[in-house]
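Visitor: I would like to learn how to read the features of a model such as this one, step by step. Could you show me the structure and then take me through it?

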Amino acid sequence: MLETGDIITLGSHAWRLCAPLGGSSYGVLWRAESLAGRQPAALKLVNSAQMTLAAPAQRARWCEAAATEIAFLRALQPWDRRHIVRLLDSGMHEGLPAAALELLETDLAQHLAALRARGSAPAPLEALDWLAQVNAALAKVHGYGWRHLDLKPANLLLDRDGALKLADFGTSRALADRAAHAYTGTAAWQAPEQFFGIDGGYLTDARSDYFALGALLYYLVTGSLLRYSNACACALRAHGAAAGARLLAQPGNGLPPVLAQDEAALFARLAAGDMENSGVGRPASASAPDPTPALALLRALLQPRPERRPRHALEISRLIAAARAGIAAPAGACPAAATRLRSAA
């Protein structure tokens, strides 16, 4: 049982546990300080108490996830870490993989919750800036030959300057491994191929991360999950491994469209800065931006079939640039923008 003040020795340093930061079914996270006086860290350990209760196959998966994360972060070059959390130290603790990670004060999920508790929300251009940073992080992950498979606000750490860093690589899988794999990730942020699978297996690739990027964009702009995503999350809580089959077996297919028409219209309205008609409580923007390119970006990322999503990060970067240009458009662009928006939504 870990306690405040315990000393954990890894590969390079000894770390004193200061305070628990949270955890998951298989991992625990502690704020720790180096006895050598170096910067504080987030110490990530496998949950040994849960390990003793888990079946051997589950224990093996947890250890593999921790080792996968460490291996990926060790492989990064210093110049590749701008938007990916840094590994400060790693080793074994009680025979299980452990890592000391760069400590940031909050994550995007907590930051957004605090904003909305104050009746505020990120501006559309800020949402697109965050999306560009996450796209850059995914480009590094994919460039090193991995797919992340668990992109969500809680896995995006936020520093004091507003920069995002992608974290939690335990679910990552090699891009070269094209075989169907076991279920992994978080249901509310998953592409159809990652949630439903085929014959009990799941065929994912880099474009599965791009779907999660689209779900993140919708959440940043609207403050809500897609109804599709919420249905998947609720089904998993209710039915576990049978969630996908149960959803598809319901009358009328049981599954809402990935992006419903009213959801697209809401996104476009908020991307244009129309907070007055959204219920968020902020006055409408004085300018008249064109949200059509932002809606095109969202639609491209949320394509149900992976082959119809963007092929790589550069293509997404161009769509983000177009979305930024549209939202920052001068007021004179209003008539044409309105016409295009009606046809797009």
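Guide: Buried means under 20% relative accessible area, exposed means over 50%, and partly exposed is in between, with a 1.4 Å probe and protein chains only. Before we go further, note that this is a predicted model, in which local features need pLDDT of at least 70 and side-chain atom pairs count only at pLDDT 80 or more, while totals for chains, interfaces and linings use all residues. Residues are numbered from 1 along each chain as its sequence is written, and side-chain values use heavy atoms, with hydrogens and water left out.

Visitor: Which residues of H10 are buried?

Guide: They are Thr292, Ala294, Leu295, Leu297, Leu298, Ala300 and Leu301. As a general idea, an α-helix has 3.6 residues a turn, so residues three or four places apart point the same way.

Visitor: How are helices and strands assigned, and how many does the protein have?

Guide: Both are DSSP runs numbered from the N terminus, with helices being H or I of at least four residues and strands being E of at least two. In this protein the secondary structure comes to 12 helices and 11 strands. Of its 345 residues, 48% count as buried.

Visitor: At what angle do H9 and H10 pack?

Guide: The general idea is that axes are lines fitted to C-alpha atoms, for helices over the stretch in contact, and that angles run from 0 to 180 degrees between N-to-C directions. Angles under 35 degrees count as roughly parallel, over 145 as roughly antiparallel, 65 to 115 as roughly perpendicular, and the rest as oblique. Helix H9 (residues 261–271) and helix H10 (residues 292–301) pack at an angle of about 140°, with their axes 9 Å apart, and the two are therefore oblique to each other. The contact, where contact means heavy atoms within 4.5 Å, involves Ala264, Phe267, Ala268 and Ala271 on the H9 side, and Ala294, Leu295, Leu298 and Arg299 on the H10 side.

Visitor: What is the make-up of that contact by class?

Guide: Ala, Val, Leu, Ile, Met, Phe, Trp, Tyr, Cys and Pro count as nonpolar, Asp, Glu, Lys and Arg as charged, and the others, Gly among them, as polar. On that scheme the contact of H9 with H10 has 7 nonpolar, no polar and 1 charged residues.

Visitor: How do I read the packing of H4 and H11 in the same terms?

Guide: Helix H4 (residues 124–143) and helix H11 (residues 313–327) pack at about 170°, with axes 10 Å apart, and are therefore roughly antiparallel to each other. Residues of H4 including Leu125, Leu128, Leu131 and Ala132 meet residues of H11 that include Ile316, Ile320, Ala323 and Ile327. By class, the contact of H4 with H11 has 11 nonpolar, 2 polar and 2 charged residues.

Visitor: How should I read a residue in a loop, for instance Leu151?

Guide: Start with its place and its cover: Leu151 lies in the loop between strand S8 (146–147) and strand S9 (156–158), and at 2% relative accessibility Leu151 counts as buried. Leaving aside neighbours within four places in sequence, Leu151 is in contact with Val134, Leu138, Leu156, Leu166, Trp189, Asp209, Ala212 and Leu213. The C-alpha atoms of Leu151 and Ala212, which are 61 residues apart along the chain, are separated by 6.0 Å.

Visitor: What is there to note about the phi of Leu149?

Guide: Most residues other than glycine have a negative phi. Leu149, although not a glycine, has a positive phi of about 70°. Leu149 also lies in the loop between S8 and S9, and counts as buried at 3% relative accessibility. Asp168 likewise has a positive phi, near 65°, and its place is in the loop between strand S10 (164–166) and S11. With a relative accessible area of 22%, Asp168 is partly exposed.

Visitor: Where is Thr184, and what does Thr184 touch?

Guide: Thr184 is in the loop between strand S11 (173–174) and helix H5 (192–195), and counts as buried at 17% relative accessibility. Not counting residues up to four places away in sequence, Thr184 touches Leu149, Thr171, Gln190 and Gln194.
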